[in-house]
Amino acid sequence: MNKLLLATLGLALCTSVGHVPLKPKTVVVWQPSHQTDTGTDFSEAATCNGIIEGAMASKPTLNEHKVWSLHQEGLHHPDVGSNTVIEHTSAIIDGKISGYAYELQESNKLKPTVFIAVHNNGGTKRHAIWGYIHEGDAQEAENKELAARLIAAISKATDLENRGVLFDSSTGRNDYTCKATGKKAFYSLDENINTAKYRVLLEIGDNGVSKAFLQDPANQKKMGEALKAELVKWMREKDLD
């Protein structure tokens, strides 16, 4: 049997069982936290990267990429800082851009359709998961649907309480604001900074009450797999190209 016939049969089989490969033009960017200054004896960068690595290692393989400033030279705040502070995000210090700015520049170069940031919450006293979207975004409704589905999938796969989807402005934290709305925002979700069509940020667990859970590699893998599976399901339903 020649290679062309085998390929044709393989495609037919995939189609018949509903597993048509996602279109390679659909670029997905993952942004794990690079923060190493949250919690006690805790690296948010390590736990979030473990979740993202679990997602990227699970099937199917997408046109997916990770943007991460940890250990990158020539930046300011490459491994610390908040997504809601001007000094840590949009500011230029000694001629250097921030770790967050570097990550968003790298993401924009890839022209992603989907952008997913992963962080851990703190000080909530809740073993829970939250989704965040950018208020006033043109894709607000679709971003809310995506974030809701992703956090529901992770909550179902674990014992994390599902706390729903919130606007980035709802935290009221710090001083970074969206120039379009004038409201406080997450730098990574700001449509003036991030060119991806769909943009969500997940706060997974709490660096206090969820510390042991988050640091467990098996839990990171489980959460990453649940995240990827739901993302793929959503992408197929959207027929993204």
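This is a predicted model: local features need pLDDT of at least 70, side-chain atom pairs count only at pLDDT 80 or more; totals for chains, interfaces and linings use all residues.
How much space lies in the largest pocket? About 230 Å³ lies there, where a pocket is an open set of points on a 1 Å grid over the protein atoms alone, at which a 1.4 Å probe fits, with protein on both sides within 12 Å along at least five of seven lines, and where a volume is the space filled by probe spheres set on the points, joined across faces, edges and corners.

Residues are numbered from 1 along each chain as its sequence is written, and side-chain values use heavy atoms, with hydrogens and water left out.

The largest pocket is lined by 16 residues, and Q35, S82, N120, R173 and E203 are the ones nearest its centre, a lining residue being one with an atom within 4 Å of a point. The elements that give two or more residues to this lining are β3 and β6, and β3 gives the most, with three.

That brings me to the sheet, which is open and has six strands in the order β2-β1-β3-β6-β4-β5, with mixed pairing; strands here are DSSP runs of E of at least two residues, helices are runs of H or I of at least four, both numbered from the N terminus, and two strands pair if DSSP finds at least two bridges between them. The edge strands, each pairing on one side only, are β2 (63–66) and β5 (161–167). Strands β3 (residues 114–121) and β6 (residues 198–206) run parallel and are joined by seven bridges, and F115 stands opposite R199 in β6.

Two helices lie across this sheet. Helix α2 (residues 44–57) lies across β1 (27–32), β2, β3 and β6, at about 140 degrees to β3, whereas helix α4 (residues 140–157) lies across β3, β4 (128–133), β5 and β6, at about 30 degrees to β6. Those angles run from 0 to 180 degrees between N-to-C directions, with axes fitted to C-alpha atoms, for helices over the stretch in contact, and contact means heavy atoms within 4.5 Å.

Finally, some backbone details: most residues other than glycine have a negative phi, and most peptide bonds are trans. The bond from K59 to P60, however, is cis, with omega near -5 degrees, and P60 is found in the loop between α2 and β2. H71 has a positive phi, near 70 degrees, and D239 has a positive phi near 50 degrees.
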